[in-house]
Amino acid sequence: MTNISIIGAGVGGLTTAIYLQKEGYQVTIYEKNNRPGGKMDTIEDSGFKFDTGPTIVMMPDTYKKPFLDSGVNYKDYFTLERVDPIMDVITNNKKISLSSDLVNLAKEFENYDESEMLGFLKYVTDIYNKYINAKNNFIYKSFRGPRDFYNIKTLWNAYKLKTFTSSFTAIQKNIQNTDLQYLLSFQTLYIGISPFSGPSIYNIIPMIELIYGVWFIKGGMFTYAKALEKRLIELGGKIAYNATVEKIVVEKNQHVRGLLVNNTLIKSDAVVVNADFPYAMTNLLDIDDDKKGKYGKKNIKNMDYSMSCFLLYLGVNKKFNQLKLHTIKMSDDFEKNVQQIDHGILPDDPSFYVYNPSSIDDSFAPSEKSSLYILVPVANLKENTDWSKINTDRFTKEIIHKVEKELNLKDLEKNISLKKVYTPVTFQNRYNSFFGSTFGLKPTLKQSNYFRPHNKHSKIDNLYFAGASVHPGAGVPIVITSGELAAKELIKDF
Ligand SMILES: Cc1cc2nc3c(=O)[nH]c(=O)nc-3n(C[C@H](O)[C@H](O)[C@H](O)COP(=O)(O)OP(=O)(O)OC[C@H]3O[C@@H](n4cnc5c(N)ncnc54)[C@H](O)[C@@H]3O)c2cc1C
C-alpha cells in the first residue's frame with residue numbers, strides 16, 4: 001500500500017487526506033497541535049465557546065464536496081443554515097442591512113438612487129461573467145509547468161479577466177455613492193488584501209456572498225473541522241496529534257524519503273505539505289537553498305504577505321438582542337485605515353468585525369450570556385509592527401470601548417467575565433503562519449493563479465502542497481479546493 005504523510009491537519013490537509021484515503025492510499029496526518037482544523041480552531045472555557053478563526057460560510061457546495069465525493073451525505077456530518085440578512089454594515093454612521101434576497105437588496109440600493117441599483121446589476125453581470133471564467137479556467141485547475149499556463153486558450157481567458165485595475169476602481173465604474181462603494185469593497189479583506197490595491201478580480205467575493213448567500217454551520221465552524229476528521233477516520237486514515245514535523249527528508253534534492261518527527265524518520269512514498277508554504281520551504285524542506293529556486297530563503301522573505309488580525313474573544317454576562325450574527329463597522333476613513341495596515345501602522349480608527357454566534361446558537365454561551373468575537377485587521381509581522389512594543393492591554397481596552405460605543409452595546413465592558421486575546425504573534429506561534437499573516441501569501445497578480453506556488457513541487461517528484469499560501473488561495477472553500485487539487489496531482493503520479 002502507498003503510504004502518504006501529510007504535514008498539518010488544517011482544512012487543506014484534512015481535505016487532501018479524505019480524497020487520498022478514499023482512493024486507497026494509507027494516509028497519516030502529523031499535526032503539531034492537539035486537534036483538527038488548524039486556524040478553524042476553537043476555545044472552550046467557563047461555559048463559553050468561540051470559533052477563533054473563520055466564521056463566514058460562503059460557497060456552501062464546496063463545504064459539502066469532500067463528503068459527497070467520498071460517498072456520504074454531508075447532512076450526517078454537519079448542518080447548514082442560511083443567514084439572511086447576511087450582516088449589518090455600518091459606514092459613516094449609516095447602518096445597511098446587507099441581504100442576499102434581491103427584493104431587500106434592491107430596496108437598499110434604490111434608497112440611495114435607482115441608478116445605484118442599475119450600477120449594481122451591471123457590476124453583478126460583469127463580475128459573474130469573470131467568475132465563471134476564473135472558476136472553469138483557473139480556480140479548479142492546477143498548474144504544473146509553463147505549458148499549462150502559457151498557451152493561447154489560457155492566456156486569452158486570463159486577458160478576459162481584465163484584472164489590472166484595483167477592486168475599488170472597478171466598483172467605482174458602476175456605483176457612485178461612497179457608502180455603497182465601501183459596501184462592495186471591504187470583502188477583499190476576507191483574504192487579507194486591500195481593495196484599493198488588490199486586483200479587481202477579487203470583486204467576485206461580494207458577488208459570491210450575494211448570489212450564493214452566507215451560511216452558518218450549526219455548532220460553529222469547528223464542527224466542520226471535526227466533521228472532516230470524522231470522515232477521514234471512518235475511511236481508515238490516521239491523525240497523529242502533538243506531532244511536530246521537524247524536517248522533510250529529501251534524497252539528492254529530488255525525492256522525498258519521509259518526515260522527521262521526534263527525531264525519528266517516518267518513511268513515506270509521498271508527502272503533502274499543508275503547513276504554511278513559505279514556513280515549510282524555509283524551515284522544513286531539507287534541500288540546498290539554491291535548489292529551492294524562486295522559493296529560496298531570501299526570495300520567500302521578499303514576497304508579499306496578506307494582512308493579519310487582532311482578535312478578542314469575550315464571554316459576556318449579557319445578551320445584546322440588536323447585535324446580528326455578523327456586524328462590520330467600517331472606519332470613517334476606510335482608505336486611510338487600509339493604508340495604515342499596509343504600512344505596518346496600528347490603525348488609529350480601525351474597522352472592526354463582530355461575530356455573535358450566541359444570537360442564533362445556544363451552544364456558544366450559557367443562557368442570557370453572549371460569546372463575542374471581535375476582529376480588527378492589522379499588519380502582518382513583516383510590516384515593522386513589533387507586538388512586544390505594543391501595549392496589548394491598552395489596545396484591547398480601546399477596542400472594547402470603541403465597540404461598546406459605536407455599536408451601542410450598553411455596559412459591554414462591565415459584563416465581560418472572560419477575555420482571550422490573539423495577535424499576529426499567536427498565528428505565527430500556534431499555526432506556524434509565516435510573518436503571522438492570517439491568510440498566507442498575498443494574492444497580488446504576481447502571486448495568483450499560475451504565479452502562486454503550485455500544488456506539486458516543480459523538481460521534487462513526490463512532494464505536494466495544499467493550503468492558503470498555494471494555488472488557488474485563501475478562505476475555507478478555496479482551501480478545500482486546494483486540498484482536492486493536491487490529491488489529484490498526487491493521484492496522477494501514483
Ligand atoms: C481570524 C481569521 C478569520 C477568518 N475568517 C474566514 C472566514 O470567515 N471565512 C473563510 O472562508 N475563511 C476565513 N479565514 C481563512 C481560513 O480560515 C484559512 O484560509 C484556512 O482555514 C487555512 O487553512 P489551511 O489548511 O491552509 O491552513 P491552517 O489552518 O494554517 O493549517 C495548517 C496546519 O499545519 C499545522 N502545522 C504547521 N506547522 C507544522 C509542523 N511543523 N508540524 C505539524 N503540523 C504543522 C498547523 O498547526 C495547522 O494545523 C479566516 C482566517 C482567520 C485566521
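I began at the interface of domain 2 and domain 3, where I found 17 residues of domain 2 in contact with 13 residues of domain 3. I keep in mind that this is a predicted model.

For the bounds I went to the domain assignment, which gives domain 2 as 85-212 and domain 3 as 308-378 + 388-422, while domain 1 is made of 3-38 + 220-303 + 442-493. Taken over C-alpha atoms, the centres of domain 2 and domain 3 are 26 Å apart.

Next I looked up the area buried between domain 2 and domain 3, which comes to about 1,500 Å², with 65% of it given by carbon and sulfur atoms. On the side of domain 2, I noted that Asp88, Ile90 and Phe196 supply 37% of the area buried against domain 3, more than any other three residues.

I then turned to polar pairs across this interface, and there the rule finds 5 residue pairs in polar contact, both residues being at pLDDT 80 or more. Strand 6 (residues 87-91) gives the most to the side of domain 2 that touches domain 3, with 5 residues. By class, I listed that side of domain 2 as 10 nonpolar, 6 polar and 1 charged residues.

How many salt bridges does the rule find across the interface of domain 2 and domain 3? I noted 1 salt bridge there. Separately, I looked up the pair Lys324 and Asp88, which form a salt bridge with their closest N and O atoms 3.2 Å apart.

I moved on to the ligand, which has 37 residues around it, and of these Glu31, Lys39, Ile56, Ala468 and Val476 come nearest. From the side chains, I recorded a polar atom of Tyr279 at 2.9 Å from a nitrogen atom of the ligand, and a polar atom of Asn33 at 3.4 Å from an oxygen atom of the ligand.

Last, I checked the backbone, remembering that most residues other than glycine have a negative phi, and most peptide bonds are trans. Asp84 and Pro85 are joined by a cis peptide bond with omega about 0°, and I placed Pro85 in the loop between strand 5 (80-83) and strand 6. The peptide bond from His471 to Pro472 is likewise cis, with omega near 0°, and Pro472 sits in the loop between strand 20 (463-465) and helix 15 (476-493). Lys162, although not a glycine, has a positive phi of about 40°, and I found this residue in the loop between helix 5 (152-160) and helix 6 (167-174).

Technical notes: Residues are numbered from 1 along each chain as its sequence is written. This is a predicted model: local features need pLDDT of at least 70, side-chain atom pairs count only at pLDDT 80 or more; totals for chains, interfaces and linings use all residues. Side-chain values use heavy atoms; hydrogens and water are left out. Domain bounds come from an automatic or database domain assignment. Contact means heavy atoms within 4.5 Å. Buried area is the accessible area (1.4 Å probe) that two parts lose on being put together, summed over both. A salt bridge is a side-chain nitrogen of Lys or Arg within 4 Å of a carboxyl oxygen of Asp or Glu. A polar contact is a pair of N or O atoms within 3.5 Å; within protein, one must be able to donate a hydrogen and the other to accept it, and residues adjacent in sequence count only if both atoms are side-chain atoms. Helices (H or I, at least four residues) and strands (E, at least two) are DSSP runs, numbered from the N terminus. Ala, Val, Leu, Ile, Met, Phe, Trp, Tyr, Cys and Pro count as nonpolar, Asp, Glu, Lys and Arg as charged, and the others, Gly among them, as polar. A residue is near a molecule or strand if one of its heavy atoms lies within 4 Å of it.
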